[in-house]
Amino acid sequence: FRSTYYPIASIRLQSGYLNSIVRVSQVDILSPTVNYYRWQILKNATLTGATWASASSTTRTQVDTAATAVSGGTAIQSGYVSSRELTPLISDFYGNLGRTLAGVSDTFTLVIAATNNNADVLAQIGWQEIL
């Protein structure tokens, strides 16, 4: 596997909804070609070039799909995929977005490394909002 992980998608709580309960529940990965990937969910990684936007008009989360690089963070789950896989994530406290006492939301970022350079991949993070 290549040693470089690329950020695919990230989520965080919107600033007006820091008391919300949002649980990251799954990742869905699809390879349009024959490649192998290693994925990780990183908590509180530093993103380069992130552009946050509301996921919808009724959600309590923001998403980013524009980041071009990632560093740091804590891996809370990882796995391998070869073609298409829907992976339920560990359902424990680490799957919930939290916040600091200073009012800064945690982030979860799906990152992927491939066996080949220029490998294409489609992926998404699934989450549940408990209203």
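Colleague: Which order do the six strands of the open sheet have, and with what pairing?

Modeller: Strands here are DSSP runs of E, at least two residues long and numbered from the N terminus, and two of them pair if DSSP finds at least two bridges between them. In this predicted model, local features need pLDDT of at least 70, side-chain atom pairs count only at pLDDT 80 or more, and totals for chains, interfaces and linings use all residues. Residues are numbered from 1 along each chain as its sequence is written, and side-chain values use heavy atoms, with hydrogens and water left out. The open sheet runs E5-E6-E1-E10-E3-E8, with antiparallel pairing. Strands E5 (53–54) and E8 (74–81) each have a single partner strand, so one side of each is left without a neighbour in the sheet.

Colleague: Over how many bridges do E5 and E6 pair?

Modeller: E5 and strand E6 (residues 61–64) are joined in the antiparallel sense over two bridges, and Ala53 stands opposite Val63 in E6.

Colleague: Which residues touch the most other members of the largest nonpolar core?

Modeller: A nonpolar core is a set of buried Ala, Val, Leu, Ile, Met, Phe, Trp, Tyr and Cys residues joined through side-chain atoms within 4.5 Å, where buried means under 20% relative accessible area (1.4 Å probe, protein chains only). Of the 18 residues in the largest one, those touching the most other members are Val27, Ile29, Trp39, Ile41, Leu97, Phe108 and Leu110. Strands E1 (6–13), E2 (21–30), E3 (37–43) and E10 (107–114) each supply at least two residues of this core. Apart from it lies another core, of six residues, including Leu42 and Val111.

Technical notes: Helices (H or I, at least four residues) and strands (E, at least two) are DSSP runs, numbered from the N terminus. Buried means under 20% relative accessible area, exposed over 50%, partly exposed in between (1.4 Å probe, protein chains only).
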